[in-house]
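I'll start with the packing inside, then go to the strands, then to the overall numbers.

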Amino acid sequence: MRRFRPLLPLLSSLLLLACSSSSEIDEELKNLPLPQNWQDSKQATTVEYNWLSEFNDVQVNQLVEKALAANHQLAMQAFSLQIAEQELIVSGSELWPELDLAFNSGRSKNNQTDSYTNNNSINLNLSYEVDLWGKLSDADRVANFDYLAQKSTFDQYKQQLVVDVLTTWFDVIEADKLLTLYRSKAENSKQNLAIIEAGYRSGLIESLDVYLTRNSLNSELSVVLEQETVKVKLIRKLERLIGEYPKGELLVNASLPLLTDKIPLGLPSELISRKPELKASWYQLLSQDAGLAYAHKQRFPSIMLSGSLGDSRDDIGDLLSSSSLAWSLLGSVSAPIFNAGRLKANEEKSRFELKQGERLYLDTLYEAFSDVENAITTEKSLKQRYDTMLAAQQNAEIAATLSFEQYQSGLVSYTTVLDAQNSSYEAQATLIRIKNQLIANRINLHLSLGGDFSTPSLENKAE
């Protein structure tokens, strides 16, 4: 023991240095100054959970349930989470002793003496690394935070999947409503053509109007065919999201709801602890912080303890005889002396990765705030646009009716009729699109706020 006394001050200083390492995350990140309210809203309410019920649609709930049960990408994310869980177990096992049982049996021949020798051995080996500096604990912390980050990523992906299902479903409804509108417009062009051709045969209308009407009809029929393709493609996209073969045959029998009610927005400060994407980014930052501590402690000595208990006999039946068992106990210390700066470079690399992770977290955080602020502003604008366009659509319908009546009376040209009718149908199409934009923006606002979509039944099926 005396020969090691000169080393005690060195070992003590190393121990204190290693154990004194703490988090190197910038303190400003832990105390960020955040606004009290959103810029375009002064609500101080709690964010709405179970927001899926806002749409009150049985088919929507069924589609979400199918997606959560059968979507292939979500299943891949679930397996990634299970892999991270197993890696967590592997990392935690490094903190415990390792016990192995080894059995060997052999037979050899000596050609000089023409004799045979048997050799049988059995050994129980124990090895354990003393986590004196907390190096293994830091490695375990890395795995823990990686698992938590993966779990939050899975939760975010699940919410994004629900958003994708809903937005695609309402895109299908929009495509269906537009298709109905375009077919109505084509049918109106057919009726106009019949009236104008009859007038042409009576000598009351010029041939130019006939050609203009025929051209308009052909254009409308082309638009109908294009819209049919758009609708089928969207249905196939939705079928893929819910894990079904993309046949393009999903039946659509629903309308676009007009969302006018306000939703509770919560506080900006609550977003950090609620939104899975932000939690995943923070856990990843904590993992990098623990990784830096691990890289730092790699430069300190490793202390290994090993023990063995076993026996070796010619006759396998004599193994484990209490009178012949042998045991050994060994302790070893290994310390890095020269590695051409590799360990130091690894530590500096981990430090730069941590600083890079801090910037990434801040960027993710402010991007999340920006998404909410933009969604709030967009909803206000869309509601105003809808009211304005509703009035424009009503005026356009009256104008279209009057222009055709005046055309039949010879007061205006047919070009005026076409312009008035196109304005009327375009106003109706714009109303349909704004309705869907309101819905899509509302859904993405729920996603940006981090509110949970699920009902108890959906949540149980998603676990």
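Went for the packing first. The largest nonpolar core has 48 residues, and Trp51, Val64, Leu166 and Trp169 have the most contacts inside it. By nonpolar core I mean buried Ala, Val, Leu, Ile, Met, Phe, Trp, Tyr and Cys residues joined through side-chain atoms within 4.5 Å. Buried is under 20% relative accessible area, exposed is over 50%, and partly exposed is in between (1.4 Å probe, protein chains only).

α5 gives the most, with 18 residues. I also found a second, separate core of 22 residues, with Leu285, Leu292, Ala375 and Ile376 among them.

A note on where this comes from: the model is predicted, so I keep in mind that local features need pLDDT of at least 70 and side-chain atom pairs count only at pLDDT 80 or more, while totals for chains, interfaces and linings use all residues. Residues are numbered from 1 along each chain as its sequence is written, and side-chain values use heavy atoms, with hydrogens and water left out.

Strands next. β1 (residues 98-110) and β2 (residues 115-130) run antiparallel, joined by 13 bridges. They make a hairpin with 4 residues between them, and Asp114 in the turn has a positive phi of about 50°. Along this pair, I see Asn104 opposite Ser121 of β2. β2 also pairs with β3 (residues 302-313), again antiparallel, over 11 bridges; there Val130 faces Ile303 of β3. Pairing here takes at least two DSSP bridges between two strands.

Last, the whole chain. I get 11 helices and 4 strands, taken as DSSP runs numbered from the N terminus (helices H or I, at least four residues; strands E, at least two). Of the 463 residues, 38% are buried. Of the contacts (heavy atoms within 4.5 Å) with a separation of 6 or more, 82% are between residues 24 or more positions apart.
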